[in-house]
Amino acid sequence: MAVNAENKVLLVRKTNKKIWQFPAGSLSVNEDVTGALRRELKEELGLDAESFAAEGIIGVRHRRNTKYGNNVFIIFLLRCSAAKHDIRIVDKEEIAEARFFSRIEATHNDRVDWIVKEVLKKHGGKKEAALSEMKNTPKPDDSVFYTLFL
């Protein structure tokens, strides 16, 4: 979760989805977490990633999917010191739109992912010391099962 100096949250809409979500990416071999976070922001959105500082883990999402397998997403809090951001979508095949949302706007928008809303409700941009199981949500056919720790 990238938060700017105005306490707004950076969200993206991928080209293959209609919902807004946190920017996401994966670690490359031998890459540290901070390096991966900054690389993804630069590669996908052209942001000056050096102005973002990782403050800690604020959530973990595990997804069990019978079709695609298991995956785990770790949600980091990134705080930005820059007053302005020049978002320039670099990876146009993956990202359709990107912008900063106020917390109220994000939590009341029907097109914002439920995970974003849960994270914003629980954290409000603050680091927490402990994670607790928050949500266990199976899909009706049980093909996808989420567990969210916040």
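The model is predicted, so to speak of local features we need pLDDT of at least 70, and side-chain atom pairs count only at pLDDT 80 or more, while totals for chains, interfaces and linings use all residues. Residues are numbered from 1 along each chain as its sequence is written, and side-chain values use heavy atoms, without hydrogens and water.

The fold comes to begin with. The protein chain has three helices and eight strands, taken as DSSP runs numbered from the N terminus (helices H or I, at least four residues; strands E, at least two). Starting at the N terminus, the order is β-β-β-α-β-β-β-α-α-β-β. With contact meaning heavy atoms within 4.5 Å, 59% of the contacts with a separation of 6 or more join residues 24 or more positions apart.

Next, burial. Of the 150 residues, 37% are buried, that is, under 20% relative accessible area with a 1.4 Å probe, protein chains only. Helix 3, residues 114-123, is mostly covered, with seven of its ten residues buried. Among them are I115, V116 and H123.

Last, the largest pocket. A pocket is an open set of points on a 1 Å grid over the protein atoms alone, where a 1.4 Å probe fits, with protein on both sides within 12 Å along at least five of seven lines; lining residues have an atom within 4 Å of a point. The largest one holds about 1100 Å³ of space, the volume filled by probe spheres set on the points, which are joined across faces, edges and corners. Its lining has 32 residues, with F22, P23, A24, G25 and F73 nearest the centre.

Conventions
Buried < 20%, exposed > 50% of the residue type's maximum accessible area, 1.4 Å probe, protein only.
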